[in-house]
Amino acid sequence: MLRREDPELLKGKARYVADVVRPGMLHAVFLRSPFPHARIVSVDASAALALEGVHAVLSGADLPGDLGPQPCNHLYHGQRETPYFALARDRVRYVGEPVAIVVAESQYLAEDARELLQVEWEELPSVGDVEAALADGAPLLYDGWPDNVAAVYEAEIGDADAAIAEADVVVRERFAIPRLFACPLEGRGAVAEWDAAVGELTLWTSTQSPHIVRDYLSWILHLPEHRIRVLVPRVGGGFGAKFHFYPEETAVALAARATGRPVRWVEDRLESFVGTVHARQQVVEATMAATADGRITAVTAELLGDQGAALHSVSYGPLWLSAVMMTNVYAIRNARVRARAVVTNKTPSGSYRGWGQPQANFVVERLVDGVARELGADPVDVRRKNFVAPEEFPYTGLFHTFDNGRYASLLARAVEVLDLPAWRRRQEAARAEGRHVGIGLTFYVENTALGPSRKLNAGGVLAGGYDIGHVRMETNGEVIVYSGLCELGQGFTNGIAQIAADALGVHPDQVTVVTGDTHACPVTGYGTGASRSASVGGASVQKAARKLRAKAMAIAGHMLEASVDDLEAENGEIWVRGSRERFVTMADVGRAAYLRPIELPEGMDPGLEAIEVHDPEWMAWPYGVNAAVVEVDVETGEVRFLDYVCVHDCGTIVNPMIVEGQLHGGIAQGIGMALYEELRYDRDGYPLTGTFMDYLVPTAAEVPRIRLAHDETPSPVVPTGVKGIGEAGAIGSPSAVAAAVEDALRPFGVRVAELPITPERVLDWVAQGTGDLVA
Amino acid sequence: MIRVRTTVNGRVREAEVEPRRLLADFLREDLGLRGTHLGCEHGICGACTILVDGEPARSCLMLAVQADGRALTTVEGLAPGDGELHPIQQAFHERHGLQCGFCTPGFLLTTHYLLARGEDLGSDEELRAALAGNLCRCTGYQNIVEAVRDAAARLSQGGLR
Amino acid sequence: MKPPPFAYAAPASVEEALELLADPAHEDARPLAGGQSLVPLLNMRLARPSLLVDLDGLGLDALEWANGHVRIGAMVRQRALETDAAIAGRLPLLREAAAHVAHVAIRTRGTVGGSLAHADPAAELPAAMLALDARLVVRSAAGARTVAAPDFFAGPFTTAVGAGELLEAVEVPVPPARTGVAFVEAARVHGAFALAGVAALLRLDGGGRIEHARVALCGVAGTPRAPEWVGGALCGEPPDERLFAQVGERVRDELADSADEHRRALAGVLTRRALAAAAARAGGGS
């Protein structure tokens, strides 16, 4: 099924937040901190305000006294508080922190006025990386803290130390994972309109979680939730970054209230590099132990997460997830992890497709390759030996319980699809010619269908894992589905329409899906994130649609004088099994339900509407294999793909086209992480990356053609059998690319433990390689 | 203020603009043609790509005054009618060559230029290089490449509008 | 990311443009060619001209062939170097170098003169002009003067074009037969700024020995570099990969003052590869 939203997007008719125009609308820009750490002594806006067409300048000193801080929705046990406000009140902790909002007749004018703001700063010592932040005598970001550690998480199963002591082989490595960000092509943005007569705020914002935005604005501004309406226009990609609630959303609302005019702010690309949450950056010291026959007996990991200047919306959730995913898909009985969330003078870190999973996958899969290397074993065999077996599910590892998986058979299929033996032969032939070809094949699992609510709450999440589906049939038999989830370009509304249509017996074209309006749509437990739209959202809609179908069938049965059990429905028609000519349409049912209740069964209430909640009993875990074949030019350091295969299983597939698109996009982002993207900072916290000239998003020329193959093992914990697929591609690809590069450079004894694999790094590795592992 | 007279999608459009007004803002804010998107405003992402006298150009790197006397094509000028799609748009639709749609107008116009030249698209490597001036964060490009090839096949039969 | 205010003029002649640029009322007047480097700087407010003088209407967009050279008007688009059949036939190095400049939608607007006058150290066309011994025509109210390429590029973003002057054209001699050329480049992603780029030009005599050789590099110093000794090191020798490698190593070693280790290493490797490719095209496979 082709996507219903395409024609609008293809014709340039879609309206994103930058396209929202309101009568009398003003334009806002932000003055941001140029320093990693400083006190704001004063902000003088007089010259800016004197400029014709400038309507307001608000800085921290102008914020209402009772304004609440920007909330965090993940409140893990023992984490310290890092309060920050819409605009910095008296101290900034990263370059890019919003300091003032300037509102003028045009964006051009607002930028002119911004240049006239006079800020007196008092610079403070700063820290630009976790090591500096943990050093003795390091400058502290928060007064009253003994150090710069915002939180510590520890978990252990079995006895890792004993297992390591007894092991035949132990691999130790220090991994460095770079700072990235989601970098949706459409930046963030918000338009606020304040209706003083009603006392209501309307906010159009490019977000993944409209209800979170509404609730938080309500807490911050002390406005009741029902007096805030959050509308989500078309969203030009989110990838997690737009799951977060941002200071700018509050500041734009304040500016609209202060000026009495609608105010639009559209993030520009330069501010996106310092204003949108960062992600991924960790240093991980990890150990893996195994027996001589390749059984992995233990894994330990000491993780340092570079949180940036504050715990932002999801706190250190991604770091926590990295820690608890350190056993990946393997039945490792002894594991110990410790994660420390460290604050630094950099942009706060948070969500990006995969959360902490790409890091954990990189670490574990690199260690497994290390075990294979030390044993002289085939990395495919080592993986096969250590998988959790199908009969062991549900399987609980370090923290999570996994629903199901047929890992070994999928791996075998991947070896076949890649034609690994043929590539090994080609690799050998290339080596004979002095060319360096490498093959990397790694296994991933993805945390999807986030829930259940009680478990999330117990873990400290101030949100549920449920979703509410609201389905209504109209008088004409057409169906409207209301969902609190958001369309970000992933196309989930198509799947939702299909699920509702299948459940109701109507054609998908008869289903309209309404999202992105907090006044119309039901609350979502968590928002659009954690690959939960198709699975949890889909399940709640399916439940509601089935409930509605039961009522529609009862009405139809009454009209046809047939038992409900004898009815069949498809494409909006309901007939008696065996006599297709005895039928009514959904429009007949709708008319009866709303306009002619006289036709309803005795005692039945009019109307055709159902609301159902789905709260997953546990999460669903899709999995798969990424296999990369690369050639490395050891003179220039360039890495080029020769082949790329992804074989995966995400349970029941609703729309294969959309699933494949999700994988393609995720893998491209994973390749960006592996080879190109990095937000670099100096030791003091000054950003060194700030444009698309230095933050390198891969182009069509860098991303290879990806060959996909699917298995379909329905999830036992999701009624539709559907597992999520949103993040899979981004999770498993960096480890595969790293493995392939290391394999290509095997003659030089190179170990790939840091990303991105830049040409410069490749040349350094080749130059410094031990050469002691020449194949 | 300077008077600018351009032909946009076949229609003459005139307006008074500040010299510093970017062509993209002129199209979006002054003419209401919001299908041209701004993704970086420094010429890398290609979302704002339009055709200027038939050749692709970044509308974020042109001043509106530089468009005086020129013929511009934006995404709104591609489809032949309200209910129809241009064959390039149809190919992107059927091949799932778009997800969030933000980069799509730029890709469509780049594709239009590539196909209007009537040259062979060459190998995948060559075609991907020709598309490298447009960033997409959603699709991983694979279906875009397929859509461009599909569009070429459609147009070799029907001719480019 | 919106430009600061400035005035704008679109003169119809070079004389008029020079007058505007020399106008004391506009001390910070700047010429606007294709705008592909200038407008990003305006959008970032890193450039603040009081007046932009648009060169589009000056008639400087012609390619004129005469006396064994081509005169390329400053406003000839970079894209024209790629698509012009005569350039492809007689000056393929320009075609190859231009193809490395960003992306098509930049090259359709970006001009040859703009790239040369902007003098970005990573830019390809300045290096190509150096390899081809091009001469740049600089005009002022007093008349035109020509500047040899090595004298034109004075430093990063700095050229021999003085106050009250305008780069009008570049004259490029057409190399004789049996000349092979190549432009090779390393960049992080397609169309990104060059980490290092090498233009090589190599001519063989009737006996298959090198009789002329030039190498010019971009991305490895504040200006494009064309080591003078390359001709001497190669002339009289048959094309040979080991010889090219030696040249590459010396190029690399001589960049110690201006480039980091990685760029130096690239410069050496790319020099060898460019010379080998040029030799192969000159008919002397190595």
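1. Helix H9 of chain A, residues 317-324, is mostly covered, with eight of its eight residues buried. This note concerns a predicted model. The buried residues of H9(A) are Gly317(A), Pro318(A), Leu319(A), Trp320(A), Leu321(A), Ser322(A), Ala323(A) and Val324(A). The elements that cover them include strands E7 (149-157), E15 (282-290), E16 (296-308) and E17 (334-343) of chain A, together with helix H10 (357-375) of chain A. Two of these, E15(A) and H10(A), are taken up again below.

2. Strand E15(A) is itself largely enclosed by the rest of the structure, because eight of its nine residues are buried. On one pairing, nine bridges join E15(A) to strand E8 of chain A, residues 169-177, and the two run antiparallel. Within that pairing, Arg174(A) stands opposite Glu285(A) of E15(A). Nine bridges also join E15(A) to E16(A), again in the antiparallel sense.

3. The hairpin of E15(A) and E16(A) deserves a look at its turn. It has five residues between the strands, and Gly294(A) takes a positive phi near 90 degrees.

4. Next, helix H10(A) and its packing. Two packed helices are described by the angle between their axes and the distance between the axes. The axes of H10(A) and helix H19 of chain A (residues 728-744) come within 8 Å and cross at roughly 35 degrees. The crossing of H10(A) and H19(A) is right-handed. From H10(A), the contact is made by Gln357(A), Pro358(A), Asn361(A), Phe362(A), Glu365(A), Arg366(A), Asp369(A) and Arg373(A). From H19(A), the residues in the contact are Ala730(A), Ile731(A), Gly732(A), Pro734(A), Ser735(A), Ala738(A), Ala739(A) and Glu742(A).

5. Chain A also holds an open sheet of three strands, in the order E4-E2-E6, with antiparallel pairing. Strands E4 (91-92) and E6 (118-123) of chain A stand at the edges, each with a single partner strand, so one side of each has no neighbour in the sheet. Strand E2 of chain A, residues 38-44, pairs with E4(A) over two bridges in the antiparallel sense. One position to check in the viewer is Ala38(A), which stands opposite Val92(A) in E4(A).

6. Pro601(A) lies in a loop of chain A, between helix H17 (586-594) and strand E27 (609-614). Is Pro601(A) buried or exposed? Its relative accessible area is 16%, and a residue counts as buried under 20%, so Pro601(A) is buried. Not counting residues up to four places away in sequence, Pro601(A) touches Ala554(A), Ile555(A) and His558(A). Pro601(A) and Met559(A) are 42 residues apart in sequence, yet 8.5 Å apart in space from C-alpha to C-alpha.

7. In chain C, strands E4 (residues 63-66) and E5 (residues 69-73) run antiparallel and are joined by four bridges. The bridge partner of Trp65(C) in E5(C) is Val70(C). The hairpin formed by E4(C) and E5(C) has two residues between the strands, and Asn67(C) takes a positive phi near 45 degrees.

8. Strand E5(C) has a further pairing: five bridges join E5(C) to strand E10 of chain C, residues 165-173, in an antiparallel arrangement.

9. Glu82(C) sits in helix H3 of chain C, residues 78-83. Glu82(C) counts as buried because its relative accessibility is 13%. What does the side chain of Glu82(C) make a polar contact with? The partner is the side chain of Arg107(C), at 2.6 Å. Leaving aside neighbours within four places in sequence, the residues in contact with Glu82(C) are Arg95(C), Ala98(C), Ala99(C) and Arg107(C).

10. Helix H11 of chain C (residues 241-254) has 14 residues and reaches 20 Å from its first C-alpha to its last, close to the 20 Å expected at 1.5 Å a residue. At its N-terminal end, H11(C) is capped by Asp240(C), with a side-chain oxygen 3.1 Å from the backbone nitrogen of Arg242(C). The buried residues of H11(C) are Leu243(C), Phe244(C), Ala245(C), Val247(C), Gly248(C) and Val251(C).

Technical notes:
Residues numbered from 1 in each chain as written. Chains lettered and ligands numbered in written order. Predicted model: local features only at pLDDT ≥ 70, side-chain atom pairs only at ≥ 80, totals over all residues. Heavy atoms only, no water. Buried < 20%, exposed > 50% of the residue type's maximum accessible area, 1.4 Å probe, protein only. Polar contact = N/O pair within 3.5 Å; in protein donor to acceptor, adjacent residues only side chain to side chain. Contact = heavy atoms within 4.5 Å. Expected span 1.5 Å × (residues − 1). Pairing = 2+ DSSP bridges. Axes fitted to C-alpha atoms, helices over the stretch in contact; angles between N-to-C directions. Left-handed = near helix turned anticlockwise from the far one by under 90°.
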